[in-house]
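Colleague: Please take me through this model one feature at a time, giving the general idea before the case at hand.

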Amino acid sequence: MANTPINFYDGTPLNRLSWLRESSTFLNAAAETPRSKWLLFKNGDPLVIKTPSNAFHSLAYLTFGQVKELLGDDAKPFGQGESQNAVPETSAGADANASPEAKALQGARLRGPIIIFLGVEEDQGFKALPTTDFKNANDLTGTPFFGLDVSKVEWSRVDQALKTAAAMPSEFVFMEPRAASFAFNAFDAAVFSITRSMIDWNGRNLLSRMWLTSLLYMGRMEAVLLDTSTVEPISTGLHNFAHPRTDAAVITAILDDKADRILLGRNKKFPGGFYSTLAGFVEPSESFEEAVKREIYEESGVQVHSVRYHSCQPWPFPANLMIGFYALADAEQVIRTDLDTELEDARWFTRDEILEVLNHPEGTRMTTRELKNLGEASSTVGSGAPGARAPPPFRLPNRKHAIGGVLISDWAHGKVANTDLQSSEMGKSKI
């Protein structure tokens, strides 16, 4: 489909500069520049700036000077040696004479809280430098961004740093991530998404229980297992790299063959009266189209055809990629929710029914409490205040935040027709 939208959490504004992640020279220069911006997370919750009225909050960005006391006792954030303040084999990421093992560990952090280099917001006209051209801090342009996990930092130190950095009348608070991020602008949402996913992955992978070896995290988007003395090496050199995990999930709006009705489901863990598109994880050796057909059949007993891609959305809870599709189905098929029993209900809705909910002020709204308890079952739609407008008959995902809402809204407003989705007989094959 033309004009693919950028979904919430998508459209990162940063150049990730992946080829410089091994360079401690670059990483330290980027971290220590007064221009660098630091995002703090505690147990998955982002640090936000909250106004006294609680009417507005935004993602908090601190400077290197404001977070320096939280980073540990080494002289430099990256390129730590075997002991505190020891000099590693080489500190220049561009050193052609360094061994492959040394190069892989040049950006290492062996001690202190997790720090993730996220990328650089480039100045207008800036051209990213090759590794060999980066010599010192004077070569750095743009604004570097870093994520910092303070979950294991002594709270008194974190509290003191935040009190020193806070600018009245606002205050810093760690906030539930869904409720917090849904108020962010597009820039902050995209940066938040990268940071939360990477901090979560690093936090989960500090130890490989299979090999009982430490997992060393760096300012890069991967890590390396150290001390392989207990396992038989498969070749010489350092090869035990572990790359961050992204879990792909398909999410599909199922339309009848005339594209006049849409099939939505209600998961048992959804908030009261909430319906959405059907979704599920892609399994090994399975194409996206096959995953769409399998998941929809497992959840609703409905067989679909004419699967068509729409767009995708990063979903940092903790690190999913939601891949959006439309598909057609014969609406005369019997709906079954007794196969994998994930859904409490699934049924067809008309366009008018969907538009009624989308046009209702409460039709796509979730409270902070509902967002926080998204995994808990609920069956009641809010009744509203006395004298207020009657609540919607059901609720739907908000298109501003969720790709499911985009798929539903685009169809309801006539942006999708069955002629856009029709395919050959091969496309109509059953699972």
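## Reading burial and contacts

Modeller: In helix 1, the buried residues are Ser24, Phe26, Leu27, Asn28, Ala29, Ala30 and Ala31, where buried means under 20% relative accessible area, exposed over 50% and partly exposed in between, with a 1.4 Å probe and protein chains only. Helices (H or I, at least four residues) and strands (E, at least two) are DSSP runs, numbered from the N terminus. This is a predicted model, in which local features need pLDDT of at least 70 and side-chain atom pairs count only at pLDDT 80 or more, while totals for chains, interfaces and linings use all residues. Residues are numbered from 1 along each chain as its sequence is written, and side-chain values use heavy atoms, with hydrogens and water left out.

Colleague: How many of the residues of helix 1 are buried, and what covers them?

Modeller: Helix 1 is mostly covered, since 7 of its 9 residues are buried. The cover over these buried residues includes strand 1 (37-42), helix 2 (64-67), strand 5 (115-121) and strand 6 (143-149).

Colleague: What do the totals for the whole protein come to?

Modeller: The secondary structure of the protein amounts to 11 helices and 17 strands, and of its 431 residues 45% count as buried. Its accessible surface, from the Shrake-Rupley method with a 1.4 Å probe, comes to about 20900 Å², of which 51% belongs to carbon and sulfur atoms. If contact is taken as heavy atoms within 4.5 Å, then among contacts between residues at least 6 apart in sequence, 74% join residues at least 24 apart.

Colleague: Where does Asn320 lie, and is Asn320 buried or exposed?

Modeller: Asn320 lies in strand 16 (residues 320-329), and its relative accessible area of 13% is why Asn320 counts as buried. Leaving aside neighbours within four places in sequence, Asn320 is in contact with Thr246, Asp247, Phe281, Gln313, Pro314 and Trp315.

Colleague: Which residues does Asn43 contact?

Modeller: Asn43, in the loop between strand 1 and strand 2 (45-50), is in contact with Asp149 and Ser151 once its neighbours within four places in sequence are left aside. Asn43 is exposed because its relative accessible area is 57%. Between Asn43 and Lys152 there are 8.8 Å from C-alpha to C-alpha, although the two residues are 109 apart in sequence.

Colleague: What does the backbone show at Pro318 and at Leu17?

Modeller: The peptide bond that joins Phe317 and Pro318 is cis, with omega about 5°, and Pro318 lies in the loop between strand 15 (304-315) and strand 16. Leu17, in the segment before helix 1 (24-32), has a phi near 45°, a positive value in a residue other than glycine. Leu17 counts as buried because its relative accessibility is 5%. Thr341 likewise has a positive phi, near 55°; this residue lies in the loop between strand 16 and strand 17 (343-350) and is partly exposed, at a relative accessible area of 41%.

Colleague: How are two packed helices described?

Modeller: Two packed helices are described by the angle between their axes and the distance between the axes. Here helix 8 (residues 351-358) and helix 10 (residues 403-412) pack at an angle of about 120°, with their axes 10 Å apart. Axes are lines fitted to C-alpha atoms, for helices over the stretch in contact, and angles run from 0 to 180 degrees between N-to-C directions. Under 35 degrees counts as roughly parallel, over 145 as roughly antiparallel, 65 to 115 as roughly perpendicular and the rest as oblique, and helix 8 and helix 10 are therefore oblique to each other.

Colleague: Which residues meet where helix 8 and helix 10 are in contact?

Modeller: From helix 8, Arg351, Ile354, Leu355 and Leu358 meet Ile408, Ser409, Trp411 and Ala412 of helix 10. By class, this contact has 6 nonpolar, 1 polar and 1 charged residues, where Ala, Val, Leu, Ile, Met, Phe, Trp, Tyr, Cys and Pro count as nonpolar, Asp, Glu, Lys and Arg as charged, and the others, Gly among them, as polar.
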